[in-house]
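Take a look at the chain below. The questions that follow walk through its fold and a few of its residues.

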Amino acid sequence: MALNSNCSNKNNINSTKVVGDLGDIQITESSDCEDDHNNKIQKVSRSNKSTIPANLLQNTVPVFGTVTVSNSDNVQIGNNTYFNGPVTIKQVIHNKSGVDNAAYSSTEDEIDPNSHHLHNGKFAGTLIKKEQILLWHKITFSAVCFTVIGSIVAIVIVLQHKSEQQKKTNPQTDFKTSESHSDPLLIAPDHLRIVSRTDWLAQPVEKPLNKLDQPVPWVIIMHTATETCLTQSQCVLRVRLIQSFHIESRGWYDIGYNFLVGGDGSIYYGRGWDYEGAHTKGYNKYSIGIAFIGTFNNDPPSKQQLEACQKIIKRGVQLRKLVKDYKLFAHRQLMSTLSPGDELFNIIKKWPNFVSNVTDLDSLIPN
């Protein structure tokens, strides 16, 4: 902006021309150049139109020193600042003196400067209440947990005390109970496991078998001359194969043995106590044939297998299926065979009622 001043004593008129971005402004003063205290008359003319909205212009007539601007718009004294893009102008009122923007509409927060503090105060109060509620919940939960844990511990201590008292008062009963429940397959009072025909999936007998006259006087020990078995599943397979061989190959009505002893220490029920077997020709009608599952020419049977055989013989005497003074034979003593194997034969020779001298069998045959 350029400012040119001309003073003429002839007409006592002082004129000023303003050249700038907003157009040329001609200001004339009708006063004496020598007297600055006289009245001033200004005439301002503008050649350019304003681009600022009318609602943003102040209605009051601005006064700058001794210069008064009237009948003009878009007058700017000082630097201009231009913004490209959306602009948000927010009025912040300070206690200091200044000029307000008449075109800005105040918000509720600015009208009430204490509302922001009130909002913060309410939020802080809500947080304090939540913290108090959470603290109360924690205390309640901890108390409940301690109560439940204490009750459980008390119940356990009482039960242990009662069990200890029962053990002290009845030690024998506790021993028998634990011993009887140690094996789920025990079905006999002398701890002998007997696997029924149903359990080892025996084939049904198509024709009726001959019955034995009881009590039976003889017991004959033999082996099956097959692979041994150590678990019930293996022994069940062996017994089923033996039955199939006796029925299909030998043409017998059922498995030939009265009982079989497995390597798992169980007795597998064959023809049983009441029916005549098919194991030792000529001596079946007055004997019980007990076969050890396996081949014992070189290896002896297991201890539990031997004990199971002795238990089934003892049980036969108790049930009066065998005579008390029964006679014990090895299969090889009555037939031309290696059964029951050298190892097993050497063991049963030491058992009670074993007959070592078989030179005169006719005298041993019962009437």
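Contact means heavy atoms within 4.5 Å. This is a predicted model, in which local features need pLDDT of at least 70 and side-chain atom pairs count only at pLDDT 80 or more, while totals for chains, interfaces and linings use all residues. Residues are numbered from 1 along each chain as its sequence is written, and side-chain values use heavy atoms, with hydrogens and water left out.

Q: Which residues does Ser287 touch, not counting residues up to four places away in sequence?
A: Ser287 lies in strand β10. Strands (E, at least two residues) and helices (H or I, at least four) are DSSP runs, numbered from the N terminus. With neighbours up to four places away set aside, the residues touched by Ser287 are Leu212, Val216, Trp218, Ile220, Asn258 and His279.

Q: Is Ser287 buried or exposed?
A: Buried means under 20% relative accessible area, exposed over 50%, and partly exposed in between (1.4 Å probe, protein chains only). Ser287 has 0% relative accessibility, so Ser287 counts as buried.

Q: Which residue's backbone oxygen does the side chain of Ser287 reach?
A: A polar contact is a pair of N or O atoms within 3.5 Å; within protein, one must be able to donate a hydrogen and the other to accept it, and residues adjacent in sequence count only if both atoms are side-chain atoms. The side chain of Ser287 makes such a contact at 2.5 Å, and the backbone oxygen belongs to Tyr283.

Q: How many helices and strands does the protein chain have?
A: The protein chain has 367 residues, and buried residues make up 29% of them. Its DSSP runs come to 7 helices and 11 strands.

Q: Which strands stand at the edges of the open sheet of 6 strands?
A: Two strands pair if DSSP finds at least two bridges between them. The order of the sheet is β6-β9-β8-β10-β7-β11, with mixed pairing. Each edge strand has a single partner strand, so one side of each is left without a neighbour in the sheet: these are β6 (193–195) and β11.

Q: How many bridges join β8 to β10?
A: β8 and β10 run parallel. In β10, Ala291 is the bridge partner of Leu260. The number of bridges joining β8 to β10 is 3.

Q: What angle does the direction of α5 make with that of β11?
A: Axes are lines fitted to C-alpha atoms, for helices over the stretch in contact, and angles run from 0 to 180 degrees between N-to-C directions. α5 packs on the sheet and touches β6, β7, β8, β9, β10 and β11. Its direction and that of β11 make an angle of about 145°.

Q: Which residues touch the most other members in the largest nonpolar core?
A: A nonpolar core is a set of buried Ala, Val, Leu, Ile, Met, Phe, Trp, Tyr and Cys residues joined through side-chain atoms within 4.5 Å. The largest one holds 28 residues. The residues touching the most other members are Ile221, Ile290, Phe292 and Ile313.

Q: Which residue's backbone oxygen does the side chain of Gln305 reach?
A: Gln305 has its place in helix α5. Its relative accessible area is 1%, so Gln305 is buried. Its side chain reaches a backbone oxygen at 3.0 Å, that of Val261.

Q: Why is the disulfide of Cys229 and Cys235 right-handed?
A: A disulfide is a covalent bond between the sulfur atoms of two cysteines. Here it is counted when the sulfur atoms are within 2.5 Å, and those of Cys229 and Cys235 are 2.0 Å apart. Both cysteines are buried. The disulfide is right-handed because the torsion about the S-S bond is about 95°.
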